Amino acid sequence: GRAHAEAAVRWLVEQKLCVSIEDIPKAVRFTTFKDYGLDTMIKTVFGGSPFQAIDAVYPGRFRPWQFGCAPRDFWSGPDRERHIQEAMEWLVYDKLQLSREAPPVFLPARVFEKHGLGGLLVSVFGRNTRKALAVLSPLEATQKKNASAG
């Protein structure tokens, strides 16, 4: 069952791969599970998602986009706006430690790619980093609040 699957994930990460918790997103992909004969388990228990498998063992430590690619429809489904906002805040404020009072208006595309957000940048913003960062602008946040209040 699920408890055995979670134990297998922990075994893979801690015993076989011997990676630090911070390095898990770089070290674990679907092919990693396949290489150790755990591909059927990850498909049946975790819907084929390395992120869901890791999140079951290390809850809340990582974001889906850190594992090579976000789940299907992550950037286009019903929770798209929340996912985009969360990803941009995570990148700019958590990873890059930039100011909330003055969010950047430009970052090179390679910064998005380095942190697993290359897919977001291409699929949602057409590689336009300024459009991506506009999600964080105080003006945009104010316009959204006003629109939802009316």
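1. Helix H8 and its buried face. Gly-118, Leu-120, Leu-121 and Phe-125 are the buried residues of H8. Buried here means under 20% relative accessible area, exposed means over 50%, and partly exposed lies in between (1.4 Å probe, protein chains only). The cover over these H8 residues includes H6, H7 and H9. Just after H8, Gly-126 takes a positive phi of about 55°.

2. Basis of the note. This is a predicted model, in which local features need pLDDT of at least 70 and side-chain atom pairs count only at pLDDT 80 or more, while totals for chains, interfaces and linings use all residues. Residues are numbered from 1 along each chain as its sequence is written, and side-chain values use heavy atoms, with hydrogens and water left out.

3. Overall fold. The chain has ten helices and zero strands. From the N terminus on, its elements run α-α-α-α-α-α-α-α-α-α. Helices (H or I, at least four residues) and strands (E, at least two) are DSSP runs, numbered from the N terminus. The C-alpha trace spans about 50 × 30 × 25 Å along its principal axes. Of the 150 residues, 38% count as buried. Take the contacts between residues at least 6 apart in sequence: 50% of them join residues at least 24 apart. Contact means heavy atoms within 4.5 Å.

4. The largest nonpolar core. This core has 23 residues. Trp-75, Met-88, Leu-91, Phe-112, Leu-117 and Leu-120 have the most contacts inside it. H6, helix H7 (109-114), helix H8 (118-125) and helix H9 (129-134) each supply at least two of its residues. The largest share, seven residues, comes from H6. A nonpolar core is a set of buried Ala, Val, Leu, Ile, Met, Phe, Trp, Tyr and Cys residues joined through side-chain atoms within 4.5 Å. In soluble globular proteins, nonpolar side chains tend to be buried together.

5. Trp-75 and His-83. Neighbours within four places in sequence are left aside for Trp-75. Its contacts then include Trp-65, Ala-70, His-83, Ile-84 and Ala-87. Leu-117, Gly-119, Leu-120, Ser-123 and Val-124 are also among the residues that Trp-75 contacts. His-83 lies in helix H6. His-83 is buried, with a relative accessible area of 12%. Not counting residues up to four places away in sequence, His-83 touches Trp-65, Phe-74 and Trp-75.

6. A second core. A separate core of 20 residues includes Val-9, Ile-24, Phe-33 and Val-57.

7. Salt bridges. The structure holds eight salt bridges. The criterion is a side-chain nitrogen of Lys or Arg within 4 Å of a carboxyl oxygen of Asp or Glu. One of them joins Arg-10 to Glu-14, with the closest N and O atoms 3.2 Å apart. Arg-10 and Glu-14 are separated by about one helical turn, because they are four residues apart in helix H1 (residues 2-17). Arg-10 is partly exposed at 36% relative accessible area, and Glu-14 is partly exposed at 37%. Another salt bridge pairs Lys-26 with Asp-23 (3.2 Å, N to O). Lys-26 is exposed, with a relative accessible area of 67%, whereas Asp-23 is partly exposed at 31%.

8. Arg-82 and Glu-86 meet through their side chains in a salt bridge (3.9 Å, N to O). Arg-82 is partly exposed, with a relative accessible area of 47%. Glu-86 is partly exposed too, at 29%. Salt bridges that share partners join Arg-63, Asp-79, Arg-82 and Glu-86 into one network.

9. The largest pocket. Its volume is about 370 Å³. It is lined by 16 residues, of which Glu-22, Pro-25, Lys-26, Gln-66 and Lys-95 lie nearest its centre. Helix H2 (24-27) and helix H6 (80-95) are the elements that give two or more residues to the lining. By class, the lining has four nonpolar, four polar and eight charged residues. Ala, Val, Leu, Ile, Met, Phe, Trp, Tyr, Cys and Pro count as nonpolar, Asp, Glu, Lys and Arg as charged, and the others, Gly among them, as polar. On a 1 Å grid over the protein atoms alone, a pocket is an open set of points where a 1.4 Å probe fits, with protein on both sides within 12 Å along at least five of seven lines; lining residues have an atom within 4 Å of a point. Volume is the space filled by probe spheres set on the points, which are joined across faces, edges and corners.
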